[in-house]
Amino acid sequence: MVRIEREIVDIASKLSGTDGFAIVREKLEADCRGKGLSEEQTTAVQDAARPQRIAVVEGAPGTGKTTLLSPLVEAWKAEGYRVVGAATAWRVANALRDDLGIEARATTSWLARSELGRPFLNDRTVLIVDEAGLLSSREMHGLLTAADNAGAKVLFTGDRDQLQAIGAGYLAVIQRKPGALRNGAPFAELPEAFTSLQRHLLKKPGGDREMAEILALVLHHDEQAVLTAVETALEAGVPTKTHVLNLLHRLTDGKPVTPPAIRAPQALSLNQEPKANVERYDALRKLKEARHAS
């Protein structure tokens, strides 16, 4: 984990020292005035619009982060840049999509695509990451690495007081007292896949214990791999601890998580149809009958 965090600092420093995402700042300032942004919001927009390949917009909930992102997105699009969004929770990602008119997905979904050889960034892409304070170190590392390799720009927004998606300190509590999950997990916000799995598991006896064991997997495995296993189990309609563990082991072993398709004929037919001949079975039974001395 220390190595990952050091690499995060190194990549962020590298991105802050490179540019290439310039826009017409005078037009952007005029757009900000036209949308009624405050002086403080306009300053934040101008800072985020600098050509450096990494930027941060910080603000507590309700301070108008979405409002100030709107002129930024329009300015980038006007210059021919592609703008996409990411967030730990699908709910937040969908809000980015609806409010800003951009393609947005959960962070784990973007990173899973990247691992499958489907890059989601290029040197004409701006990635907006909302609620960045909820990212795990591995997710942050994955996004920055993808942006660095592709030549993209990253804009992080959020509140520094937000907690990470899954806090290791709370997992020890949940492992000792899994019943606490039924009263609400002590996390700022679980990723959507974990929340969905929790709803399924808590419907049955012992489900709180199974959920606690699945959450604890992030202490020993990459959180992204655990999330991918959970998402795959949900998509397959088998939201159980056993299936999640099987999928996780296949992921960590580098094996495909989906079995090969079975090509079966559309219908099976018999060469000789069965006959309802009970007399045949009576004859077989008589042949096997024998008297034994008493």
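This is a predicted model: local features need pLDDT of at least 70, side-chain atom pairs count only at pLDDT 80 or more; totals for chains, interfaces and linings use all residues.
**The α11/α12 pair**

Let's start with two helices that pack against each other. Helix α11 covers residues 223-235, and its partner α12 covers residues 241-252. Their axes sit 8 Å apart, at an angle of about 130 degrees. The two helices are therefore oblique to each other, and α11 passes α12 in a right-handed crossing. On the α11 side, the contact is made by A225, V226, T228, A229, V230, T232 and A233. From α12 come H243, V244, L247, L248 and L251. Sorted by class, that makes nine nonpolar residues, three polar ones and no charged ones.

**The cores**

In soluble globular proteins, nonpolar side chains tend to be buried together. Here, the largest nonpolar core has 29 residues. Which of them touch the most other members? Those are L28, L72, W76, I128 and L155.

Several elements give two or more residues to this core: the helices α2 (25-34), α3 (39-48), α4 (65-78) and α5 (90-100), plus the strands β1 (54-58), β2 (82-87) and β4 (125-129). The largest share, six residues, comes from α4.

L155 is worth a look of its own. Setting aside neighbours within four places in sequence, L155 is in contact with A48, A55, V56 and V57, with L69, L72 and W76, and with L127, I128 and V129. There is also a second, separate core of 23 residues, with A86, L127, L144 and A152 among them.

**Two residues up close**

The contacts in the table leave out residues up to four places away in sequence.

| Residue | Helix | Relative accessible area | Touches |
|---|---|---|---|
| T228 | α11 | 16% | A112 and L251 |
| E192 | α9 | 30% | W90 and R199 |

Is T228 buried or exposed? T228 is buried, because its relative accessible area of 16% is under the 20% cut-off. One of the residues T228 touches is L251, and both belong to the α11/α12 contact described above.

E192 is partly exposed, with a relative accessible area of 30%. E192 lies in α9, which covers residues 192-201, and R199 is one of the residues it touches. How far apart are E192 and L227? In sequence they are 35 residues apart, while in space they are 9.4 Å apart, C-alpha to C-alpha.

How values were computed
Residues are numbered from 1 along each chain as its sequence is written. Side-chain values use heavy atoms; hydrogens and water are left out. Axes are lines fitted to C-alpha atoms, for helices over the stretch in contact, and angles run from 0 to 180 degrees between N-to-C directions. Helices (H or I, at least four residues) and strands (E, at least two) are DSSP runs, numbered from the N terminus. Angles under 35 degrees count as roughly parallel, over 145 as roughly antiparallel, 65 to 115 as roughly perpendicular and the rest as oblique. A crossing is left-handed if the near helix is turned anticlockwise from the far one by less than a right angle, and right-handed if clockwise. Contact means heavy atoms within 4.5 Å. Ala, Val, Leu, Ile, Met, Phe, Trp, Tyr, Cys and Pro count as nonpolar, Asp, Glu, Lys and Arg as charged, and the others, Gly among them, as polar. Buried means under 20% relative accessible area, exposed over 50%, partly exposed in between (1.4 Å probe, protein chains only). A nonpolar core is a set of buried Ala, Val, Leu, Ile, Met, Phe, Trp, Tyr and Cys residues joined through side-chain atoms within 4.5 Å.
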